[in-house]
Amino acid sequence: MLENILAGLSGVLTIDSLIAMVIGLAVGLSFGALPGLNSTIGITLLLPVTFTLSPAPAMLMLLGVYCGATYAGSISAILIKTPGTPAAAATVLDGYPMTQQGKAPRALMIALKASVVGGLISGVCLLFLAPQVAKVALKFGSPEYFTLTIFGLSIIASVSGNNIFKGLAMGFFGLLVKCIGVDPQQGIYRLTFGSQVLTRGVDLVPALIGLFAVSELFTQCEKKIAHLQAPPNVTIKHAFSWKELFSFKFTVLRSAIMGIIVGACPGTGSAIASFLSYGTAKNTSKHPEEYGKGSSEGLVASETANNAVTGATLIPMLTLGIPGDGVTAILMGALTIQGLSPGSQLFTKYAPMTYCVLVGFVVIQILMYFMGIGSIKLFSYLTKIPYYILMPMVFVFCMVGAYACGTSTIDMLIAVIFGLIAYIASKFGYSITPMLIGIVLGSICEQNVVKTIGVYGSLSVILTRPICLVFLAISVVFIVIGVRNTYRKGAK
Amino acid sequence: MAKNYLKENIFTLALVVLSIFVIVNIPSQVKESLLSASTISPRLFPYIASGGILICSILNLILDFIGMVLKVKRGEEIPEKKRNENVSVYRAIGTVALVFVWLFILEKIGFIISTIIILFVLSFMMGNRNKILLVLFPVCFTLLIYFVFGELLHVSLPEILF
């Protein structure tokens, strides 16, 4: 293995590979930071460019887009309260409050360093433990996925604010939103009220844009001119040191492991990983009251987890030929176009190329750190723009991003409606985070309930499977901790 | 007290109405399962979600009411929500109306003209009084977005209909 790794390293350190990684990262950082654009669009755009490249630089370019975009989603989440990608949805919760407190540089550096470390741990795991992790991931059937989503939903108890019933109501509201459209089991239309528009359901990206960006526009517009928020100043020098990150070592390690486990399970995604990790960090923190108000630890947890997913999603794809999401499906397509097929052959017959890609993944994380600093400086100019220019600009950009999702003005309408819901809900003390968790996990939860009952006859099977029992036990503990913290907060 | 209670719980009451509306309409909106009894009904999740909203909202209303009654019994004053002088809900309502108008005219007069108009109005509403900036910013930004999405990313933005 060491020989293969060294051969891979020499393959990565060629001009071709380095240029490919830098181009991929540049595209990824731009697409991730701009709301509505994501790694899938970036990879799709660069895919034709890779046809002329040899397999290793081609894959490294696309992986650069994937990693860059996953990290860069946090930049807009922190600076303008708009997650560039769904993976950065949990980043808003503590990132934007930090910006409001004038700590934008710190938040941006925390996101960058936590992302790099999360990606590095994931990359090392991909390099050394890919076959073993793939075996564990294979043990995940629909009952395990179902209990994993229950675990995710249990986080609602911790992010409900002062009133757990308000949080739960919003969580159920999110689930209801995901019921609109086509039933995952039999293709029956649900809650469409005869509208053709509602048959396709509600996409996550327009909903995200609405919940965060559009609601923020309404909030800013209601303020009288003299009291508009001053844009934050961003200087990244000494904002957040590696030493400080080391003080969160347990949070980093736990979040990275959670990200790797979630990422290795096909069909889950980094948004789930970041919420799970955020909720776990809050429930085990010595200062849970700081979460949602600009907690560095919360930001470290969500950013480490969502980037740890990137390497782990490649494990089932490379070892078993199972693409976990849209991005890995395109990456698998790119491999096939290069004349390679995923599976054991990649680690035997094509080992030099495969190890070049695996080592390259680790190198991408290091390059991402330096390019990330550059991108922070570049995007920080956004904050110097006066609010009366910035807010309308962000609004139109987000709306065009929502439009680009389905090339339809309906997605823009969905974004505005969700913005309105979030704006009104916040006026009455309802948190939108539980609704977001409901939207993210709703359909996955239902699909796996359907599969479990279809395969095993009833849901009682989850009580006979060890992994399910572990998830259920953790969920119960988290609900109890969440309710206790909420009660204490309410009593104060 | 009743007025204050209702004012504080408008959104919760709206959730109650919404969930009842959904529960009543599920039988007509979701056909029953066509497959065998071993599969779950497509109505299950909509019922769980809307039932959950209903139960949580009612519990919230009850707990809020009990809290308010206890405060009155103890002779405590129920604090009136302070009105924020720096915030005007009418401005927010105006913005919402403006956004809906933009969505309505977008497909009729095309992306470029409609977006220049909304950017001009929004920027003015948020305090931009620089005449040059008021004109230059909407025009330049709209054309930039149109070029990036339309030409570089091949996203066909709504064109003018006439």
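Begin by selecting helix H5 of chain A, residues 89-100, in this predicted model. At 1.5 Å a residue, its twelve residues should span 16 Å, and the end C-alpha atoms are 17 Å apart, which agrees. Next, colour the helix by burial: eleven of the twelve residues of H5(A) are buried, so the helix is mostly covered. Among them are Ala89(A), Val92(A), Leu93(A), Asp94(A), Tyr96(A) and Met98(A). Then step to Gly102(A), which follows H5(A) and has a positive phi, near 80°.

**Chain B and its domains**

Turn now to chain B and select residues 2-73, then residues 89-152; the domain assignment gives these as domain 1 and domain 2. The C-alpha centres of domain 1 and domain 2 of chain B lie 38 Å apart.

**Where the chains touch**

Display chains A and B together. How many residues of chain A are in contact with chain B? On the chain A side there are 54, in contact with 52 residues of chain B. To see where the chain A side comes from, select helices H8 (164-179), H9 (204-221), H17 (387-406), H18 (409-427) and H19 (433-456) of chain A, each of which supplies at least two residues. H17(A) gives the most, with eleven residues. Colouring this side of chain A by class shows 38 nonpolar, nine polar and seven charged residues.

**The largest nonpolar core**

The next selection is the largest nonpolar core, which has 205 residues. Within this core, the residues with the most contacts are Leu62(A), Ile78(A), Val214(A), Phe395(A), Cys398(A) and Ala415(A). Helix H4 of chain A, residues 55-80, gives the most to the core, with 18 residues. From chain B, the core draws at least three residues from each of domain 1 (2-73) and domain 2 (89-152).

Centre the view on Phe395(A). Leaving aside neighbours within four places in sequence, Phe395(A) is in contact with Ala213(A), Val214(A), Leu217(A) and Leu122(B).

**Helix H18 of chain A**

Finish at H18(A), a helix of 19 residues. The helix reaches 27 Å from its first C-alpha to its last, close to the 27 Å expected at 1.5 Å a residue. Its buried residues include Ile410(A), Met412(A), Ala415(A), Phe418(A), Ile421(A) and Tyr423(A). Which helices do the buried residues of H18(A) pack against? In chain A they are H8, H9 and H17, and in chain B they are H2 (10-29) and H4 (89-109). The last stop is Gly429(A), which follows H18(A) and has a positive phi, near 75°.

Definitions and conventions:
Residues numbered from 1 in each chain as written. Chains lettered and ligands numbered in written order. Predicted model: local features only at pLDDT ≥ 70, side-chain atom pairs only at ≥ 80, totals over all residues. Helix = DSSP H or I, 4+ residues; strand = E, 2+ residues; numbered from the N terminus. Expected span 1.5 Å × (residues − 1). Buried ≥ 20, exposed ≤ 12 C-beta atoms within 10 Å, placed from the backbone. Domains from an automatic or database assignment. Contact = placed C-beta atoms within 7 Å. Nonpolar A, V, L, I, M, F, W, Y, C, P; charged D, E, K, R; others polar. Core = buried A, V, L, I, M, F, W, Y, C linked by C-beta atoms within 7 Å.
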